[in-house]
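Reader: I want to learn how to read packing from coordinates. Where do we start?

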Amino acid sequence: MLDLVAVREGKSVRHALDTALETAQHAERLGFTRYWLAEHHNMAGIASSATAVMVGHIAGGTTKIRVGSGGIMLPNHSPLTIAEQFGTLATLHPGRIDLGLGRAPGTDQVTVQAMRRDPRASEHFPQDVLEL
């Protein structure tokens with residue numbers, strides 16, 4: 001299951017985060033084996049911008065379903081930061097954390113510059129994957 005963590009009209013971001021956890025718990029009870037969160041930034045209707053934080057939130061509220069990213073847009077982040085975040089998550093939740101990667105920015109160019117400040121970061125994707 002892939003979740004964008006949609007913020008419903010008239011509801012808060014907190015409601016979206018709580019709903020994502022409830023959905024993952026329900027999916028786990030139904031026998032789903034994976035629950036992934038998508039990375040999108042600077043979108044009022046999407047609450048999954050802090051993907052690693054959301055992965056930890058969902059993994060902490062479930063017991064056996066694999067939780068991951070579908071995917072982390074690597075050009076937006078330092079490879080070391082992602083390695084540290086997902087390495088820590090994998091230590092806290094052994095055998096349950098998945099790291100999916102992507103090379104698209106997942107946002108507008110202004111937000112790309114605010115996050116990584118290199119609009120050509122996607123050109124370094126193969127090297128960033130190796131570094132990760």
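Author: Start with contact: heavy atoms within 4.5 Å. This is a predicted model, where local features need pLDDT of at least 70, side-chain atom pairs count only at pLDDT 80 or more, and totals for chains, interfaces and linings use all residues. Residues are numbered from 1 along each chain as its sequence is written, and side-chain values use heavy atoms, without hydrogens or water.

Reader: Which residues does S69 touch, beyond four places in sequence?

Author: S69 touches W36, L37, T51, V55, F86, D98, L99 and G100. S69 sits in strand β3. Strands (E, at least two residues) and helices (H or I, at least four) are DSSP runs, numbered from the N terminus.

Reader: Is S69 buried or exposed?

Author: Buried means under 20% relative accessible area, exposed over 50%, partly exposed in between (1.4 Å probe, protein chains only). S69 has 0%, so S69 is buried. A polar atom of its side chain lies 2.9 Å from the backbone oxygen of G100.

Reader: How many residues of helix α2 are buried?

Author: Seven of the ten in α2 (residues 51-60). They are T51, A52, M54, V55, G56, I58 and A59. An α-helix has 3.6 residues a turn, so residues three or four places apart point the same way.

Reader: What do the buried residues of α2 pack against?

Author: Their partners are α1 (13-30), β2 (34-37), β3 (66-73), α3 (79-92) and β4 (97-102).

Reader: What does V67 contact, leaving aside neighbours within four places?

Author: The contacts of V67 include V55, I58 and A59. Others among them are Y35, W36 and L37.

Technical notes. A polar contact is a pair of N or O atoms within 3.5 Å; within protein, one must be able to donate a hydrogen and the other to accept it, and residues adjacent in sequence count only if both atoms are side-chain atoms.
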